[in-house]
Amino acid sequence: MCGIVGYIGERQAQPILLTSLGKLEYRGYDSCGIAVAAGNIKVHKDAGRVGELTKVIPQLGGTVGIGHTRWATHGEPSQVNAHPHLDCSGRIAVVHNGIINNFLLLKQQLIAEGHNFVSETDTEIIPHLIEKYYDGDLGKAVETALCDVEGSYAIIVLAAGESKLVVARKDSPLIIGLGDRENFIASDVPAILDYTNRVIYLEDGDVGVITLDSIKIRQEGVEVAREEHKILWSAEEAQKGGYEHFMLKEIHEQPKVIRNTIGEYVSAAEPVADLAIMADTNLEGMLILACGTSYHAALVGKYIVEDLVGILVRAELASEFNYYPQTLAGTGAIVITQSGETADTLKAMKRLKGVGCRVIAITNVVGSSASRIADHTVYTRAGPEISVAATKSFMAQLMALYWLALSYSRIDTRRLDSLTMGLRQLPSKVQQVLDNGDRIKECAKYLSRYENAFFTGRGISFPVALEGALKLKEISYIHAEGYAAGELKHGPFALLDKNTPVIAIVAQDNTYEAMLTNIKEVKARGSPVVALAEEGNETIRELADSVITVPPVDAIFSPVVNTVALQLLAYYTAKQRGCPIDFPRNLAKSVTVE
Ligand code: M6R
């Protein structure tokens, strides 16, 4: 959840580290810092964002250094808890992403051996352990130190007097960017795109010694070769491109994302995934697992696959699945993860693999941990998503699910042809929703006055309600609940009054009549209703206080147009309330801790 960077080369490290850290802030942004080796180790760190640090930091000098942007786990955001952390001598500095589970025990042992600690973090034990084992060979000292450590980590180690960086990873992502007489290290690709598009993805258990012109990677003490990859994203794709926020840019990119993702599948010589699991008529069912917004895509996927393929699908939160006594051994599973690094999702994947399940990953990040664990990976083509709030990645996930389900569907040719055509029309339908931005802005102005809201839907619109509520709460800080419309009367009605608007998602499908009834029930309890409905629906106008319209699509595609409208609603509401839209408080984009 934190972002780490390193540089070794012939240029000044400081500006490169700060620029790279700025690109990783979506991973955490409550404090940050850098350390540069210039004879001694010079450290500058504090609570706050990289932009603030950049304004006050003095010239540290030096051509090798490390940096960190933090999402606090152990200890509040503060100067002392910010990374890099040092050993007793101040000659070894470490940045870390992950969690050291046995840090308390190690800390007690190290204190008994005479080490002094200053922070509340788990990370601080790492430089002290390295100090303990360091006898002139930094790489060996790191390898030995990590033998004592239980937990997850991506680390970069800098030592005074050493013209090298030592890196290591276990269950946290780390890449090396390759330059000409310079090398870059980072948690994720956007950090290095300004400098290079050649990367090596480190594997779990790798320890690397990096100089300006060499990279030596060892796994359990044995030297290993790691393949070089070319990143196809451009640096511009990770910029705001004239939009006020990444989120708005990413919402507006969705017609292109749909085209790219579907285009990729349509032109693929082979099916996007070997879904023999779906074609198996004896199949009892399949699982789709994910967290957060990706889980909402999984829930939509359940409806799509059950409808088109005709098999039973369980969509589960990966974070909860890990505690279920049963797994569905022997069946197939799809996991959905934008980053490919979500700790709970990766844990669930490993559990599934452990009981013999075949796992397909739908992910946006080439070379991510999920893609390495999965039997097969379906890549979404959303491009880099920087805003913490997921938007275009959700859309690309839906496209992957539609395409998978259509490829293995058991529906008649007429419906298949009609849906395939409907799918191809989605970019223009989404564009129509985007063009309706001013109307959505008006509704957002109205919504921004409230502190509580419900989002309701039925059937395939239920996950859309969950996603609409998640988007609103995470960026506007309005308390929003996504609810199955039929469930409100089983308890939440107690919360309804004139101060609690209900955003009702009305699809033209078999849920339509029931939704109208639910809206009437809500109105009878005094709550204002904003309805999301198809253009031309006059009945809704008579029932609801306010209506946002979306263009007509086949009901199975309604999550696409409805979600885009709700993304804009959340965005403009948050803007109206003056919230920091791309970097909401307490969150991070990539959740690499359980
Ligand atoms: O990278 P993942 O798709 O696995 O991330 C899962 C969630 O953390 C993520 O979808 C989160 O809920 C969104 N950023 C919310 O907008």
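The lining of the largest pocket in this predicted model comprises 11 nonpolar, 12 polar and four charged residues. These belong to a set of 27 lining residues, among which Cys291, Gly292, Thr293, Lys589 and Val591 lie nearest the centre of the pocket. Several elements contribute to its lining: helix H9 (292-308), strand S18 (332-337), helix H11 (343-354), helix H13 (392-407) and helix H17 (461-476) each provide at least two residues. Of the contributing elements, H9 gives the most, with three residues.

The chain is divided by the domain assignment into domain 1 (3-231), domain 2 (236-425) and domain 3 (436-579). Between the centres of domain 1 and domain 2, taken over C-alpha atoms, the separation is 33 Å. Contact between these two domains involves 12 residues of domain 1 and nine residues of domain 2. The area buried between domain 1 and domain 2 is about 940 Å², and carbon and sulfur atoms give 53% of this area. On the side of domain 1, Tyr26, Pro173 and Tyr201 account for 40% of the area buried against domain 2, more than any other three residues. Two salt bridges are found across the interface of domain 1 and domain 2. A salt bridge also links Asp171 and Lys350, with a distance of 3.0 Å between the closest N and O atoms.

The second largest pocket has a volume of about 370 Å³. Its lining consists of 19 residues, and those nearest the centre are Leu232, Trp233, Val366, Arg381 and Gly383. Strand S15 (228-230) and helix H7 (254-267) are the elements that supply two or more residues to this lining. Because residues of both domain 1 (3-231) and domain 2 (236-425) take part in the lining, the second largest pocket lies between the two domains. By class, the lining of the second largest pocket is made up of eight nonpolar, five polar and six charged residues.

Rolling a probe the size of a water molecule over the atoms shows where empty space is left. Four cavities of 30 Å³ or more are present in the structure. The largest cavity holds about 200 Å³ of space and is lined by 22 residues. Nearest the centre of the largest cavity lie Tyr26, Arg27, Asp188, Ser339 and Val365. The largest cavity is located between domain 1 (3-231) and domain 2 (236-425), because both domains give residues to its lining. Nine nonpolar, six polar and seven charged residues form the lining of the largest cavity.

The second largest cavity contains about 100 Å³ of space. Of its 15 lining residues, Cys2, Trp71, Thr73, Gly98 and Asp122 are the closest to its centre. Strand S6 (residues 92-100) gives the most to the lining of the second largest cavity, contributing three residues. The lining of this cavity divides into five nonpolar, eight polar and two charged residues.

Technical notes
Residues are numbered from 1 along each chain as its sequence is written. This is a predicted model: local features need pLDDT of at least 70, side-chain atom pairs count only at pLDDT 80 or more; totals for chains, interfaces and linings use all residues. Side-chain values use heavy atoms; hydrogens and water are left out. On a 1 Å grid over the protein atoms alone, a cavity is a set of points where a 1.4 Å probe fits but cannot get out, and a pocket is an open set with protein on both sides within 12 Å along at least five of seven lines; lining residues have an atom within 4 Å of a point. Helices (H or I, at least four residues) and strands (E, at least two) are DSSP runs, numbered from the N terminus. Ala, Val, Leu, Ile, Met, Phe, Trp, Tyr, Cys and Pro count as nonpolar, Asp, Glu, Lys and Arg as charged, and the others, Gly among them, as polar. Grid points are joined across faces, edges and corners, and a volume is the space filled by probe spheres set on the points. Domain bounds come from an automatic or database domain assignment. Contact means heavy atoms within 4.5 Å. Buried area is the accessible area (1.4 Å probe) that two parts lose on being put together, summed over both. A salt bridge is a side-chain nitrogen of Lys or Arg within 4 Å of a carboxyl oxygen of Asp or Glu.
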